[in-house]
Amino acid sequence: MLNIVLFGPPGAGKGTQSQKLIDKYSLIHLSTGDLLRSEIAAGTTLGLEAKKLMDNGLLVPDEVVIGMIENKVKEHPHATGFIFDGFPRTVPQAQGLDKLLHDNNTEISCMIALRVDDEELTSRLLLRGKTSGRPDDQNEELIRKRVQEYNTKTAPVADYYAGQGKFYAVDGIGEIEDIFSTLCQHIDALKEKQKESR
Ligand code: AMP
């Protein structure tokens, strides 16, 4: 299986690149942000609780997102692979994901990080907020809070995968197609390696 963690701060372009990668490699896209927004739209208790945190730019509890991912992975027993987008966002989530995949006889193939500086992120998110309808994209203070949550709680997840020799970083500023083609180069090299080790 090809299981990719697409990593990077809010506004790095994970959603855009995920869409392109799932088309090219026939992967299943799992975005915890999208799953949480569906819960909010459906008015579930989980959604209402999560909304309070999301509206303040804070992370929702690890157990909640790990549980959602577990359900989704189980829904696709014959998948050729997954793209995890916006997850894991803490080291305990990464450990939970490793355990979940191990229990399903698979593992993370790689984490690829999209690198974008904080100022560029803020302007991209404010621009996205004009059309996305996402309340958390429309307020500069909230955007800075989300980037701060990323820098303190999420950035260490990169070290977790680097420790496993699975971390790659790509420049997230530039043309969408150029960034996509760099991502594909990394993934194709990994697939070759997977083939050789079979
Ligand atoms: P995103 O769509 O990935 O930018 O996520 C939007 C918001 O959902 C975040 O600011 C968090 O409040 C929450 N969220 C999404 N994914 C996670 C996660 N893996 N862990 C904790 N909170 C999350």
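In what order do the five strands of the open sheet stand? The order is S2-S3-S1-S4-S5, and the pairing is parallel. Strands here are DSSP runs of type E with at least two residues, helices are runs of H or I with at least four, and both are numbered from the N terminus. Two strands pair if DSSP finds at least two bridges between them.

Before I go on, the background. This is a predicted model, in which local features need pLDDT of at least 70 and side-chain atom pairs count only at pLDDT 80 or more, while totals for chains, interfaces and linings use all residues. Residues are numbered from 1 along each chain as its sequence is written, and side-chain values use heavy atoms, with hydrogens and water left out.

Back to the sheet. Strands of a sheet pair through backbone hydrogen bonds, either parallel or antiparallel. At the edges stand S2 (28-31) and S5 (167-171); each has a single partner strand, so one side of each is left without a neighbour in the sheet. From one strand to the next, the twist averages 20°. S1 (residues 2-7) and S4 (residues 110-115) pair in the parallel sense over four bridges. Leu 6 stands opposite Ile 112 in S4.

Next, two helices. The axes of H2 (residues 32-42) and H4 (residues 62-75) come within 10 Å and cross at roughly 95°. Axes are lines fitted to C-alpha atoms, for helices over the stretch in contact, and angles run from 0 to 180 degrees between N-to-C directions. H2 and H4 are therefore roughly perpendicular to each other; that term covers 65 to 115 degrees, with under 35 roughly parallel, over 145 roughly antiparallel and the rest oblique. H2 makes the contact (heavy atoms within 4.5 Å) through Thr 32, Leu 35, Leu 36 and Glu 39, and H4 through Val 65, Met 68, Ile 69 and Lys 72.

Now the records. One UniProt "binding site" annotation, from an unreviewed entry, covers residues including Thr 32, Arg 37, Val 60, Pro 88 and Arg 146. The annotated residues span 115 residues in sequence, and their farthest two C-alpha atoms are 24.3 Å apart, so they do not all gather at one spot. Such annotations may be inferred rather than shown by experiment. Val 60 is in the loop between H3 (45-54) and H4. Another "binding site" annotation in the unreviewed UniProt entry covers, among them, Gly 11, Ala 12, Lys 14 and Gly 174. Ala 12 lies in the loop between S1 and H1 (14-25).

Last, the backbone. The peptide bond from Phe 87 to Pro 88 is cis, with omega near -5°. Pro 88 is in the loop between S3 (81-85) and H5 (91-103). Ser 26 is not a glycine, yet has a positive phi of about 55°; Ser 26 sits in the loop between H1 and S2.
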